[in-house]
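Biologist: Could we go through this model together? I should like to begin with a charge and a ring.

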Amino acid sequence: MRNSERVSLRPLLGGLILLLALTVIGATRFNSAEQREILDRTGSQLSAYTSTAAAMVTVWTGVQRDAVAEMARYDMLRLLAAEIAEMNLPVALLRELGETPWTEQEYGRHSGLDERDRQALRDISPHVTLIYRKFAEFISRYDFSGVALLDRTLEPVMQVGQGWQANTRTLLKQRRSEGQLRAGILPVRLQGERLLVDFYCPVTAPGYVSADNSLQGVLLVTCDIGRLLEGIGQSSELGYLSLLLETGGDLVQALSMGERPSLSQVTLPTGFGQDMTPRDMVVPAISGTMECLVVGHPVPGTSWYAAVACRADSVRQEQDDMAWRVWTMAGLLFLCLAGILVWFYWWLGIRRERGEVRELKDLYATMSRQRCLLDTVLKAMHSALALVDDEGRIVYANTEF
């Protein structure tokens, strides 16, 4: 009996094992789908903010470039650059002409100049004053930090506002040696509490002065990109971090506007900017660094990436919470189904046992009826009848016997 009962439990154990396997497989697949859904949702949100930020940066850089190119095409500026290149006057002296016209200096500290230079300064002084005022108006209109006119040697001969630095000339010389001294952007730099970027555009001689369109100088305009970074940072209602990434050789600079402007070196993950898939990246934070999921979009015509990042641990926590809920639900479902299976198996066993009991009762009743019938027949017989066992003992006898 025990052996038959042990065998009868095998279907129940097999069913529980199969149910457990199906529950684990289903929960694993559902959890994987939910994890992907969380990443996809995060990626969609980051992509939307990144596209908006990239559009804002593209428009901003386009406006600045157009303004710089328009100023570089100004005929009076082109004529002044050609005159400066032809006269070959001292650079230090040219820098003073904008704020102080030559008529006030003629018999002052520059009286030692020869007559040719003195006459050249008289002739060019009104022109320099005009361009100096044009530069001041240009800065005020577009809210630039500074503007400078460089000669052929890339030395500043006229400067209004702030922005020129000694290494600017080195960078421009490097660009010229590489054949890239066309309209472009220099790397962003941190100066005090401001993030500055320089736009440059070549200045050529007017057609009525030189028909070969030769280079006479370079117009350099410095912009503060703090407002731009603050503008793209306004899209981070969900706690996202907006930043610009500037690539240059092996270096990548992260530009961000938190409590204060920052310029940090970062490492781009593989495939960054090729699609809108969030990638793990360590970005600068207020207290050191922070591991984030980042989506980046290249800004056309620049070496910049507009990027939006969110904390990786918040996404991981959301995934962990989802995994806990999925496995909890799977466990409860398994317990419910296992209870139903055990109850059903028990119900089948009870039903079978009741059927066997009912069959035994029916058999006993049938045998009882047959025995009663047999006893009645035997008692009614007129012949003597007896049953004897192997030892000769009488075990049954009718009345006649």
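Modeller: Lys134 lies over the face of Tyr74, at 4.9 Å from the ring centre. A charge counts as sitting over a ring if NZ of Lys or CZ of Arg is within 6 Å of the ring centre and within 35 degrees of the ring normal.

Biologist: What kind of model is this, and how are residues numbered?

Modeller: It is a predicted model, in which local features need pLDDT of at least 70 and side-chain atom pairs count only at pLDDT 80 or more, while totals for chains, interfaces and linings use all residues. Residues are numbered from 1 along each chain as its sequence is written, and side-chain values use heavy atoms, with hydrogens and water left out.

Biologist: How many helices and strands does the protein have?

Modeller: There are 8 helices and 14 strands. Both are DSSP runs numbered from the N terminus, helices being H or I of at least four residues and strands E of at least two.

Biologist: Where does α5 bend?

Modeller: The bend is about 40° at Ile124, and Pro126 follows within four residues. It is the angle between axes fitted to the seven residues ending there and the seven starting there.

Biologist: What span should α5 have?

Modeller: At 1.5 Å a residue, its 28 residues should span 40 Å, and the end C-alpha atoms are 40 Å apart, which agrees. The expected span is 1.5 Å times one less than the number of residues. After α5 comes Asp143, with a positive phi near 55°.

Biologist: Is His127 buried or exposed?

Modeller: His127, in helix α5, counts as buried at 8% relative accessibility. Leaving aside neighbours within four places in sequence, His127 is in contact with Met76, Leu79, Leu80 and Glu83.

Biologist: Which residues of α3 are buried?

Modeller: In α3, these are Leu77, Arg78, Leu79, Leu80, Ala81, Ala82, Ile84 and Met87. Just after α3, Asn88 takes a positive phi of about 55°.

Biologist: What does Ala120 touch?

Modeller: Ala120 is in α5 and is buried, with a relative accessible area of 8%. Leaving aside neighbours within four places in sequence, Ala120 is in contact with Met87 and Leu89. Ala120 and Leu89 are 31 residues apart in sequence and 8.2 Å apart in space, C-alpha to C-alpha.

Biologist: Turning to rings, how many aromatic pairs are there?

Modeller: The structure holds 8 aromatic pairs. The rings of Tyr142 and Phe144 have centres 5.6 Å apart and planes at 20°, so this pair is stacked. Rings of Phe, Tyr and Trp (its six-membered ring) pair if their centres lie within 6.5 Å; planes under 30 degrees apart count as stacked, over 60 as edge-to-face and the rest as tilted.

Biologist: Which residues form a cluster with them?

Modeller: Phe138, Tyr142 and Phe144 form one aromatic cluster. Tyr142 is partly exposed at 26% relative accessible area, whereas Phe144 is buried at 6%.

Definitions and conventions
Buried < 20%, exposed > 50% of the residue type's maximum accessible area, 1.4 Å probe, protein only. Contact = heavy atoms within 4.5 Å.
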